[in-house]
Amino acid sequence: FLSPHFDDVALSCGGLVWDLAQQGHRVEIWTLMGGFPPDANYSGFAQQNHLRWGLSGETAIRIRRAEDHAACQSLGAQLRHFEWPDAIYRRDSGSGEPLVIDNDTLFGTPPEACLVEEISGMLQEALTNEVVLVSPAGIGSHIDHLAVTRASEKLGKALFYYADYPYILKHPDWPANQDEGFEKRAHTLSEDALQHWQDAVLAYPSQIGDFWGDMAALRLAYRNYMVGGGGRLWHKDTASEP
């Protein structure tokens, strides 16, 4: 499972990850934008995010990495952190200006072509033929999510996709507005899967305030999402169902 940020897989399909691990599959979550900021020259937008988290710079990344370890342990998944920095820390290679300056540019700027190539090249070298690859669908057009989606699609192999949560909530008609022929894979998730999914999301306390008012609201939101069919996989091409 490819995760643009530390929490994306857990938020989007943690119950499925836990269930696959319980079935005996070796499940790995690779976080691509898990690197430290290249310097302390933070943009105004990065500083706003630090203020919201109550954390900044390297401290924020260290804490989020620790949160991710706890979440993956709860899901029974192995993890790997890569060193590309989050978009809020990246700069335009030509002008040197921050790549994103607000939420509009965070969700409206195409990913850097060179970054897509780097990620795709790494995946091409690292993945063996028997690996079943699961990518974010890129719903919501977050620049980092799109970078991972496009890099995955450049591999030319069959892919599974997970719907990016919570961005899918603002795009309830997905994939009806797509023309690629997405098909949903049915998968029954149990109460145990839901419990571990909720617990994994709660392992990211630095992020909970961004989406939910409290833990009770989080647990209810995930119960409703799972019962409504959320947290399963989609595909475009024929592949072995995990």
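## Talking through a predicted chain

Trainee: What share of the 242 residues in the chain is buried?
Mentor: Buried residues make up 54% of them, where buried means under 20% relative accessible area with a 1.4 Å probe, protein chains only. This is a predicted model, where local features need pLDDT of at least 70, side-chain atom pairs count only at pLDDT 80 or more, and totals for chains, interfaces and linings use all residues. Residues are numbered from 1 along each chain as its sequence is written, and side-chain values use heavy atoms, leaving out hydrogens and water.

Trainee: How many helices and strands does the chain have?
Mentor: There are nine helices and seven strands, taken as DSSP runs (H or I, at least four residues, for helices; E, at least two, for strands).

Trainee: What makes Phe82 and Trp84 a stacked pair?
Mentor: Rings of Phe, Tyr and Trp (its six-membered ring) pair if their centres lie within 6.5 Å, and planes under 30 degrees apart count as stacked. Here the centres are 6.1 Å apart and the planes at 20 degrees, so Phe82 and Trp84 are stacked. Both residues are buried, too.

Trainee: Which residues do ring pairs link into a cluster?
Mentor: Those are Tyr161, Trp174, Phe182 and Trp234.

Note on methods:
Buried < 20%, exposed > 50% of the residue type's maximum accessible area, 1.4 Å probe, protein only. Phe/Tyr/Trp six-rings, centres within 6.5 Å; stacked < 30°, edge-to-face > 60°.
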